[in-house]
Amino acid sequence: LPRLTLENVWARIPVDGFDLDITGELTVGGARGRLELGGSENLLISHSSPNLRNSRLQIFNAAAGCSLACGGLALTNGGGLVIYSGVTTDTAIPSSVVEVDGGVILDKGWVFPCSHPTNGGSVLFRMADLTVFPDSGFNADGTGFSAGRVNGDPGFGPGRGVTAAAGYGGPGGRENNACGDPVNPLAPGSGGRCGAANPGGAGGLIRIEASGHVILNGTLSASGTHCSGYGSGPSSGGGVNIRCATVAGTNGVIRANGGSGGENGGG
């Protein structure tokens with residue numbers, strides 16, 4: 001397609017193996033603007049930038065992962081990009097990749113990278129420069145390995161909580177279940193034990209490779225979410241991994257806190 005514009009339209013293409021190649025500009029706008037590519041393996045915007053204004057682009061393929069390749073990426077005025085991971089043979093190898101030749105600009109816009117809940121495959125973002133304005137950023141809270149799904153079940157992931165909380169970079173609660181590299185995190189957080197109520201979710205992985213600059217005035221968050229109920233063990237926080245030439249900014253926030261609630265806190 002030479003260009004694609006969706007204004008206050010919700011379009012969903014759930015076909016497996018579907019590739020969408022746009023040689024010009026992709027624009028999704030309006031409060032009801034939404035484009036979902038379910039089962040899509042590739043979304044290519046060859047020359048221009050996806051412009052998401054108060055709208056959402058969602059890409060998912062649970063089996064094989066997916067890719068987004070474009071010249072630039074701008075999320076403004078509440079715009080959001082949601083990208084899900086597929087299965088990987090090694091959590092250090094991303095199953096979904098976002099390749100941006102130019103810069104990524106988040107101005108009251110959010111990116112939601114979602115790791116695979118049982119396999120741990122995650123998303124890698126490559127770009128020239130990243131600029132994150134206030135009230136904007138990457139949100140991977142609760143999108144890591146899944147917690148246990150049935151009362152009494154342990155969570156998923158190498159640092160999972162079997163009797164209590166999950167751990168990442170250090171043990172969670174009473175268990176000796178440390179996992180993940182605190183210096184070079186390449187895996188999402190692990191899930192906690194499921195108790196009588198909500199076990200909470202583990203923090204995911206934010207993995208950014210910028211050939212130029214990262215200017216952070218907003219938020220990069222990969223924290224575990226709150227759990228509740230007797231016997232629940234909180235899930236762990238996830239990881240934030242940034243490789244770039246320089247980092248700058250004012251009042252920027254980077255966090256990967258363990259989940260709260262339950263019997264004790266996640267690591």
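This is a predicted model: local features need pLDDT of at least 70, side-chain atom pairs count only at pLDDT 80 or more; totals for chains, interfaces and linings use all residues.
Is Gly30 buried or exposed? Gly30 is buried, with a relative accessible area of 12%.

**Figure 1. Overview: a protein of 23 strands and zero helices.** Of the 267 residues, 52% count as buried. The protein exposes about 10700 Å². Carbon and sulfur atoms supply 51% of that area.

**Figure 2. The loop at Gly30.** Gly30 lies between strand E4 (26-29) and strand E5. Its relative accessible area of 12% falls under the 20% limit, so Gly30 counts as buried. Which residues does Gly30 touch, not counting those up to four places away in sequence? They are Glu7, Asn8, Arg53, Asn54 and Ser55. Asn54 is 24 residues from Gly30 along the chain, yet their C-alpha atoms are separated by 5.6 Å.

**Figure 3. An open sheet of eight strands.** The strand order is E2-E5-E8-E11-E14-E17-E20-E23, and the pairing is parallel. Strand E2 (10-13) and strand E23 (253-255) stand at the edges. Each has a single partner strand, so one side of each is left without a neighbour in the sheet. Neighbouring strands are turned by 10° against each other on average, direction ignored.

**Figure 4. Strand E8 and its two neighbours in the sheet order.** Strand E8 spans residues 56-60. Four of its five residues are buried, so the strand is largely enclosed by the rest of the structure. Five bridges join E8 to strand E5 (residues 34-38), and the two run parallel. Within this pairing, Gly38 has Phe60 of E8 as its bridge partner. Four bridges join E8 to strand E11 (residues 80-84), again in parallel. Here Leu57 is partnered with Leu81 of E11.

**Figure 5. The edge at strand E23.** Which strand pairs with E23 over three bridges? Strand E20 (residues 219-221) does, in the parallel sense.

**Figure 6. The largest nonpolar core, with 39 residues.** The residues with the most contacts inside this core are Leu35, Leu81, Phe125, Met127, Leu130, Phe138 and Ile206. Phe125 touches Ile83, Val98, Val111, Pro113, Phe138, Arg207, Ile208 and Glu209, not counting residues up to four places away in sequence. Phe138, one of those contacts, is itself on the list of core residues with the most contacts.

**Figure 7. Positive phi at Asn77 and Asp135.** Most residues other than glycine have a negative phi. Where is Asn77 found? Asn77 sits in the loop between strand E10 (73-76) and strand E11. Its phi is near 50°. Asn77 is exposed, with a relative accessible area of 53%. Asp135 occupies the loop between strand E16 (129-132) and strand E17 (137-139). Its phi is near 60°. Asp135 is exposed, with a relative accessible area of 57%.

How values were computed: Residues are numbered from 1 along each chain as its sequence is written. Side-chain values use heavy atoms; hydrogens and water are left out. Buried means under 20% relative accessible area, exposed over 50%, partly exposed in between (1.4 Å probe, protein chains only). Two strands pair if DSSP finds at least two bridges between them. Accessible areas come from the Shrake-Rupley method with a 1.4 Å probe; for residues, only the protein chains shown count as cover. A nonpolar core is a set of buried Ala, Val, Leu, Ile, Met, Phe, Trp, Tyr and Cys residues joined through side-chain atoms within 4.5 Å. Contact means heavy atoms within 4.5 Å. Axes are lines fitted to C-alpha atoms, for helices over the stretch in contact, and angles run from 0 to 180 degrees between N-to-C directions.
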